[in-house]
Amino acid sequence: MTILILGSGGREHTIAWKLAQSPKCEKLFVAPGNSGTAEVAENVNIKVTDFEAIRTLVQEQKIDMVVVGPEDPLVQGIHDFFLNDESLKDVAVIGPQRAAAELEGSKEFAKEFLFRHNIPTAAYQSFNSGNVEEGYAFLETLKPPYVLKADGLAAGKGVVILDDLNEAKAELKAMLIDAKFGAASTKVVIEEFLDGIELSCFVLTDGKNYKILPTAKDYKRIGEGDTGLNTGGMGAISPVPFADEEFMSKIKERIVIPTIKGFEKDNLPYKGFVFIGLIKVGNDPFVIEYNVRLGDPETEVVLPRLKNDLVEVFEAVANQTLDTIKIEIDERAATTVMLVSGGYPEAYEKGKEISGIGTIEDSIAFHAGAILKDGKTITSGGRVMAITSYGETYMEAIKKSYQNIEKLHFDKMNYRKDIGFDL
C-alpha cells in the first residue's frame, strides 16, 4: 500500500514512524514533512491546503490512502474534494468530511452540537462585532475567571482566560473590533469557567463504530507551573493517572457514545480521529472542545502506546469495519517533552543547527519544527522536537526524556522542566 501523510509537525513524524513499521506500508510520502519524516518516508514539498497539487501527487504515485494530520485541510474540505473527484473517490482518506470538521472549525458549531446532544459542557453565549455591548453585559453575569474563545481556527492560540472583568471586556473588543485573531475572531464564544484538571480523550471512528485510544494530558503554557502564554503544547503524558475505570466509564457513557451517535443523527460524515478536550470537575467529565484530528504533542505519547498495525486500523476505518479490530495498548507509560525555540510562542529565530540527535538512547526524538539543510538538521519552527520515552510509571519515563534532552543542543533552546508536575 502507498500512503501519503499531510503535515509537517511532530504529530506527522509520529504517524509516519508508526505507519512505516507496518509490513503493509510499501511506500510512504509526507507533504511537506520535516527532517524526522525524511528518515522514514519521502518528503514532497506541497502545502497541505494545495488540493490540486495533492491530487497530482496521488495520481502520479498511485497513492491508496491519505492520512490528514492538521485541521486546516479538513476544515477546507479535503475529504469532500477526494469524494467529488472521479479519479480520487476510491482513495481512502483518514479524516472527517467538511461538515463534521466544523466541530473544530467553529467553536459555536461545537457548542451547539454539545447542547443538542446533551453532552456535559460549560454554559456559553456567542457574540460578533454587532453586539459587543451584549457581550460586555454577559461577562458581567459571570464569575471570574472569564473564558473567551475565537470561533474559528487560530492555531491553538485563540483561547484567552482572564481574571479581571475590565481586561476581559478589553480582550473581547480586541478580538471582535480590532480582529486580534483575524477572521478567526469575527465571532467570539464566551464560556463559564470550569474549575478542574484537564485531559484529552482520543477516539477513532469509522462513522458507525468507535475505539477509545489511550488518554493523555498535555501542558499548554510556556512557563513552569502552568504560567505564561499559551502554546501549541510543551509536553504530554499518557495514561492520565486520575482517569480510573469509573471516570473512563463516565467519559464513555456521557460523552463518547452521545458524540458518535450525534454524528449519525446530524449526518456528519466522520472517518478519523476525534480529539475530545475534557476537564474533570469534582469527579465528572465536561467537554471543553473538539478537535477533528490527533493533538500535538499528545500524538507523541498516544501512538507509541498503540501496539496494533496502524495501517490495518486505518483500513478498518476506511471500510467501516472498525468493530472487527481489537485495540491493543502498551501497559507502559509514555511521556514527551517539547523543545522550543527561544522566544516562542512570541517572536523567535529559525535556522539554528541542532546537535546531539544521534546520541539519544532509550528515547525517541520526534521532529516538529526542524528541517534538513546542507546535511544538517536546523530549526524551522517554534516547537522544534518532542523527546518521547517509555517507563513503568510516568515519573520513570519523564526522567529518561530529561536525561536525553541534556544531550541535545541548539541556540536558545527552551523547554519546561516540570512536565507532570500537577499529578
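This is a predicted model: local features need pLDDT of at least 70, side-chain atom pairs count only at pLDDT 80 or more; totals for chains, interfaces and linings use all residues.
Local features need pLDDT of at least 70 and side-chain atom pairs 80 or more, while totals for chains, interfaces and linings use all residues. Residues are numbered from 1 along each chain as its sequence is written, and side-chain values use heavy atoms, with hydrogens and water left out.

**Exercise 1.** Work out which residues line the largest cavity, and which helix gives the most to the lining.

*Solution.* Start with the term: on a 1 Å grid over the protein atoms alone, a cavity is a set of points where a 1.4 Å probe fits but cannot get out, and lining residues have an atom within 4 Å of a point. Next, pick out its lining: Leu-103, Ser-106, Lys-107, Ala-110, Lys-111, Leu-114, Lys-149, Glu-191, Ile-288, Glu-289 and Tyr-290. Helix H7 (107-116) and strand E17 (284-291) are the elements giving two or more residues each; helices are DSSP runs of H or I with at least four residues, strands runs of E with at least two. H7 comes out on top, with four residues.

**Exercise 2.** Take strand E19 (residues 364-367) and decide whether its faces are covered or open.

*Solution.* Remember that side chains in a regular strand alternate between the two faces of the sheet. On one side sit Ile-364 and Phe-366, on the other Ala-365 and His-367, and all are buried (under 20% relative accessible area, 1.4 Å probe, protein chains only). So both faces of E19 are covered. Ile-364 has Thr-388 of E22 as its bridge partner.

Note on methods: On a 1 Å grid over the protein atoms alone, a cavity is a set of points where a 1.4 Å probe fits but cannot get out, and a pocket is an open set with protein on both sides within 12 Å along at least five of seven lines; lining residues have an atom within 4 Å of a point. Buried means under 20% relative accessible area, exposed over 50%, partly exposed in between (1.4 Å probe, protein chains only). Two strands pair if DSSP finds at least two bridges between them.
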